[in-house]
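This briefing walks through a protein model, grouped by topic, for a reader who has the sequence and coordinates open alongside. Please follow each item in the viewer as it comes up.

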Amino acid sequence: MKKEINNTMETSEGFAPASCGNVAVGYDILGMAFKGVGDQVTLTRRRDEALVITAIESKDSLPKEIDKNICSAVIAHALEELHLSIGFDIAIRKGIALSSGMGGSAASAVAALRALSGFLIEPFTNEELASLALHGETMASGEPHGDNIAPAVYGGITLVRSIDPLKIIPLPIPKGLYAVVVHPQIPIETKGARALLKKEIPLFMHVKQSANIASFIAALYTSDFSLIGDALADLLIEPQRKHLIPGFDTIKKEVLALGALGMSISGSGPSVFALTESQELAEKISQRMISLFSKEGIEADGWVSMVGEE
Ligand code: HSE
């Protein structure tokens with residue numbers, strides 16, 4: 001990858017949305033973007049070649065060391081890959097809570113690279129941007145999974161066909177598909193939530209899960225809401241992680257009874273998500289989930305968005 005700097009640029013901003021990794025049935029390969037919440041990075045050109053984090057707006061405490069903060073580390077890595085020497089002041093507005101399962105590390109990496117892209121004479125393509133952003137996921141979870149990076153770059157629902165080389169397939173979104181995501185305020189580190197997964201699965205479960213993911217993707221192509229509901233059952237990962245989320249089984253039972261197409265853990269949790277056929281039902285489910293978490297003594301925030309809306 002060869003890029004040149006536009007020396008007339010003084011400042012550039014990048015935004016990337018939150019996302020739900022796995023979308024229940026596609027561990028590490030399916031992802032879905034959420035509108036309305038995300039991370040923003042502003043880069044301002046410096047006269048020297050240093051990277052300096054000058055401002056952080058975040059509910060959580062974030063590191064200011066260049067090699068520990070995802071935004072700055074991803075920019076440093078990209079500049080190294082591009083053989084460019086250029087300095088920036090970096091201002092970060094972190095809208096996504098840390099360790100929330102809402103793709104915060106991916107959003108930070110993608111927002112930082114979008115801001116950097118503004119300084120290039122020929123901006124990054126989506127493929128280039130996603131490949132460079134994988135560095136942030138490796139930092140955050142020890143492994144370069146692309147299921148949050150892909151929707152943070154492309155929006156909507158995406159399939160990661162391969163990691164090396166990175167190949168992403170944006171999937172079609174049926175009109176009128178809504179997503180609810182609710183974040184109960186308990187932290188779950190992705191690294192730990194990955195470490196507790198079994199490394200092997202029985203063949204019959206592989207067969208069932210393959211049928212579910214294939215049916216889910218077929219349902220997206222045919223706008224078959226009923227098939228989305230049938231297919232959205234995760235036999236592999238959810239059973240191994242749900243004990244980390246207090247009240248998960250009760251919440252899921254109620255949410256499905258209210259009419260959600262499906263519900264599962266967002267990424268490695270603790271956030272949960274549901275898909276619905278209407279905004280009204282999505283709002284109702286969001287409220288219900290928040291009040292059920294509150295019964296568990298946990299505060300929660302909720303968002304509703306039409307899937308695929310830019
Ligand atoms: N696919 C990743 C996991 C997503 O489930 O560990 C992390 O948000």
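Ser 99 sits in the loop between S4 and H2, in what is a predicted model.

**Backbone geometry**

- Most residues other than glycine have a negative phi, and most peptide bonds are trans.
- Asp 28 is another residue that is not a glycine and yet has a positive phi, of about 70°; Asp 28 belongs to the loop between S1 and S2.
- With a relative accessible area of 18%, Asp 28 is buried, since the cut-off for that class is under 20%.
- Asp 164 and Pro 165 are joined by a cis peptide bond whose omega is about 5°, and Pro 165 lies in the loop that connects S5 with strand S6 (166–171).
- The peptide bond from Gly 269 to Pro 270 is likewise cis, with omega near 5°, and Pro 270 is placed in the loop between S8 and S9.

**Strand S2 and its partners**

- Strand S2 (residues 30–45) has 13 of its 16 residues buried, so the strand is largely enclosed by the rest of the structure.
- Strand S1 (residues 11–21) pairs with S2 in the antiparallel sense over eleven bridges, and within that pairing Gly 21 has Gly 31 of S2 as its bridge partner.
- S2 also runs antiparallel to strand S5 (residues 157–163), to which three bridges join it; here Gly 31 is bridged to Thr 158 in S5.
- A further antiparallel pairing, over seven bridges, links S2 with strand S4 (residues 88–94), where Val 41 has Ile 92 of S4 as its bridge partner.

**The open sheet and the helices across it**

- Four strands make up an open, antiparallel sheet in the order S8-S9-S7-S10.
- Strand S8 (262–265) and strand S10 (300–306) stand at the edges with a single partner strand each, so one side of each is left without a neighbour in the sheet.
- From one strand to the next, the twist of this sheet averages 15°.
- Strand S7 (residues 178–184) pairs with S10 over seven bridges in the antiparallel sense, and Tyr 178 is bridged to Met 306 in S10.
- Helix H9 (residues 248–258) lies across S8 and strand S9 (272–276), and runs at about 160° to S8.
- Helix H10 (residues 279–295) lies across S7, S8, S9 and S10, running at about 15° to S7.

**Nonpolar cores**

- In soluble globular proteins, nonpolar side chains tend to be buried together.
- The largest nonpolar core holds 73 residues, and those with the most contacts inside it are Met 32, Phe 88, Phe 216 and Leu 275.
- Helix H2 (residues 104–117) gives the most to this core, contributing nine residues.
- Domain 1 (11–171) and domain 2 (178–306) each supply at least three residues to this core.
- Apart from this core lies another, of 22 residues, which include Tyr 178, Val 255, Ala 260 and Phe 293.
- Leaving aside neighbours within four places in sequence, Met 32 is in contact with residues including Ala 18, Val 23, Pro 151, Ile 157, Phe 273, Leu 275 and Val 307.

How values were computed
Residues numbered from 1 in each chain as written. Predicted model: local features only at pLDDT ≥ 70, side-chain atom pairs only at ≥ 80, totals over all residues. Heavy atoms only, no water. Core = buried A, V, L, I, M, F, W, Y, C linked by side-chain atoms within 4.5 Å. Buried < 20%, exposed > 50% of the residue type's maximum accessible area, 1.4 Å probe, protein only. Helix = DSSP H or I, 4+ residues; strand = E, 2+ residues; numbered from the N terminus. Domains from an automatic or database assignment. Contact = heavy atoms within 4.5 Å. Pairing = 2+ DSSP bridges. Axes fitted to C-alpha atoms, helices over the stretch in contact; angles between N-to-C directions.
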